[in-house]
Amino acid sequence: MSLQKTQDLLALMSRLRDPERGCAWDLKQDFHSLIPYTIEEAYEVADAIERNDFDDLRGELGDLLLQVVFHSQIAQERGLFDFEQVAAAIGQKLVSRHPHVFAGVKFDNDEQRQQAWDEAKAEERRQKQAESEPESVLAGVAHSLPALVQCEKIQNRAASHGFDWPEAEPVFDKVREELDEVHEAWQSGDQAHIHEEVGDLLLVAVNLARHLKVNPEIALRDATKKFTRRFNYIEKQVAASGRQLRDCELAELDGLWNRAKRELKQV
């Protein structure tokens, strides 16, 4: 985006927030009211990428940029910061987190680069903490993140300070242990206990994904897509027989599911 285009966008946002000539809806918005829109736009960007719809991606990135501009405009009105300061801050972060590009540092592999990235982020957190009360090493992970993403980030923070299994094998054992505890809770009939144990199982499943170098959020999204494709296959097969799903015995649906797994294996 050229400087003029950027200035034009900022001017448009300022006009929309003009107390006398602006838009009533835009004027009513604040940081908190914009949260669901900001999150939604980020997900729509991800959706466009996954669909390989790059025309749509262009538009969705614009919508996400609008959220940045919107928040920056509100902050400027309150004397907090402006868009230029937002851009300057991320520019400084990019430079500090890429010493191999901007400071001549040499890394032998991706692990070293990732370690340097994590250390740079940790140093940024330490600098923030020096200006306030000491915080937990887990502080700063957004509470509004999807649960799987938040869980992974929290575990990565803990792991970076030595609180982690050194390899994957004991995590498999922990998954089995937590699954047994879910079964015991289910047998007890205590719904609160079941809730707690299922949460523990999901948490350790995220830990296993980390050790296997799998992004749990993306893995679950892909698994959900796979489930959807197979379920759609079952729906079509049942509809072709002139029936509805509820008319079929579970054994028949299970058989159709297994057929879907075979026929859609390469899809």
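**Aromatic pairs and core**

Student: How many aromatic pairs does a search of the whole structure find?

Tutor: The model is predicted, so local features need pLDDT of at least 70 and side-chain atom pairs count only at pLDDT 80 or more, while totals for chains, interfaces and linings use all residues. Residues are numbered from 1 along each chain as its sequence is written, and side-chain values use heavy atoms, with hydrogens and water left out. Rings of Phe, Tyr and Trp (its six-membered ring) pair if their centres lie within 6.5 Å; planes under 30 degrees apart count as stacked, over 60 as edge-to-face and the rest as tilted. On this criterion, the number of aromatic pairs found in the whole structure is four.

Student: Which geometry do Trp 25 and Phe 70 adopt, stacked or edge-to-face?

Tutor: The ring centres of Trp 25 and Phe 70 are 6.5 Å apart. The angle between their planes is 65°, and the pair is therefore classed, by the cut-off of over 60 degrees, as edge-to-face.

Student: Which helices does this pair link?

Tutor: Helices here are DSSP runs (H or I, at least four residues; strands are E, at least two), numbered from the N terminus. Trp 25 and Phe 70 are 45 residues apart and link distant parts of the chain. Trp 25 lies in residues 24–28 and Phe 70 in the other helix, which gives H2 and H4.

Student: Is Phe 70 buried or exposed?

Tutor: Buried means under 20% relative accessible area, exposed over 50%, and partly exposed in between (1.4 Å probe, protein chains only). Trp 25, at 37%, is partly exposed. Phe 70 has a relative accessibility of 2%, so Phe 70 counts as buried.

Student: Which residues make up the aromatic cluster that contains Phe 70?

Tutor: Phe 70 pairs with Trp 25. One cluster holds both of these residues together with a tyrosine; its members are Trp 25, Tyr 37 and Phe 70.
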